[in-house]
Every structure is written in C-alpha cells, then in structure tokens.
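User: Could you walk me through how to read a few backbone and surface features in a model like this?

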Amino acid sequence: MIPPALIQVYADKERDYAIICQFVDGKVTRYDMKNLLYGVFEPLRDKEVFKNTLTILDNTAAWDLTGKRDETNCLTIDPWTLYNAEDITG
C-alpha cells in the first residue's frame with residue numbers, strides 16, 4: 001500500500017531540524033529530525049543545507065545535496081514515517 005501523496009514539504013520555522021509535510025488527503029504532520037543528524041544524515045546539521053535542499057522526490061521528503069535531482073544521491077525518509085509523524089492538521 002502506498003501512503004497518500006505528499007504535496008508540500010518545508011522546514012518548520014518554529015523548530016530546528018523539523019519538517020512539515022502536507023498530504024493530498026489534507027493531513028499535515030511534523031517530523032523532528034534532531035536525533036537523526038549523524039551518519040548519512042550528518043550533512044543536514046548545517047541549517048542552511050537542511051532548509052535549502054529539502055524537496056519532494058518519489059513521494060517523500062528528500063534532501064537533494066547535489067542539486068541534480070538524482071534520487072540515488074539524495075537523503076530520504078520513509079513516506080509512511082512522515083505520514084505517521086506528529087499530526088498537526090489544523
């Protein structure tokens with residue numbers, strides 16, 4: 001089963017290293033990345049990189065570190081993890 005389409009993702013302005021995800025079904029979630037910024041995700045410790053390379057690829061949040069939209073060189077989060085994150089639907 002595929003999660004509902006992710007239609008918008010952006011860095012949370014209120015919490016460092018968190019993202020806001022909006023889905024086609026109207027659900028909005030917040031996913032906190034603070035505890036994941038090591039190993040493969042370590043480049044995202046740079047707040048500008050975290051905010052400015054965030055995009056949507058393959059129906060999930062991705063950080064396009066090369067700017068080439070090459071999914072093999074992007075950091076991604078499982079789409080179900082994002083969909084099941086903190087629900088902040090207003």
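User: Where is Asn59 found?

Analyst: Helices (H or I, at least four residues) and strands (E, at least two) are DSSP runs, numbered from the N terminus. Here Asn59 sits in the loop between strand 4 and strand 5. This is a predicted model, where local features need pLDDT of at least 70, side-chain atom pairs count only at pLDDT 80 or more, and totals for chains, interfaces and linings use all residues. Residues are numbered from 1 along each chain as its sequence is written, and side-chain values use heavy atoms, with hydrogens and water left out.

User: What is the phi of Asn59?

Analyst: Phi of Asn59 is near 65 degrees, a positive value in a residue other than glycine. Asp58 belongs to that loop too, between strand 4 (54-57) and strand 5 (60-64), and has phi near 55 degrees, again positive and again not a glycine.

User: Is Asp58 buried or exposed?

Analyst: Buried means under 20% relative accessible area, exposed over 50%, partly exposed in between (1.4 Å probe, protein chains only). Asp58 is exposed, at 58%, while Asn59 counts as partly exposed, at 23%. Of the 90 residues of the protein chain, 41% count as buried.

User: Which order do the elements run in?

Analyst: From the N terminus on, the order is β-β-β-α-β-β-β-α-β, with two helices and seven strands in the protein chain. Its radius of gyration (over C-alpha atoms) is 12 Å, and the globule rule, 2.2 Å times the number of residues to the power 0.38, gives a close 12 Å for 90 residues, so the chain is as compact as a globular protein of that length.
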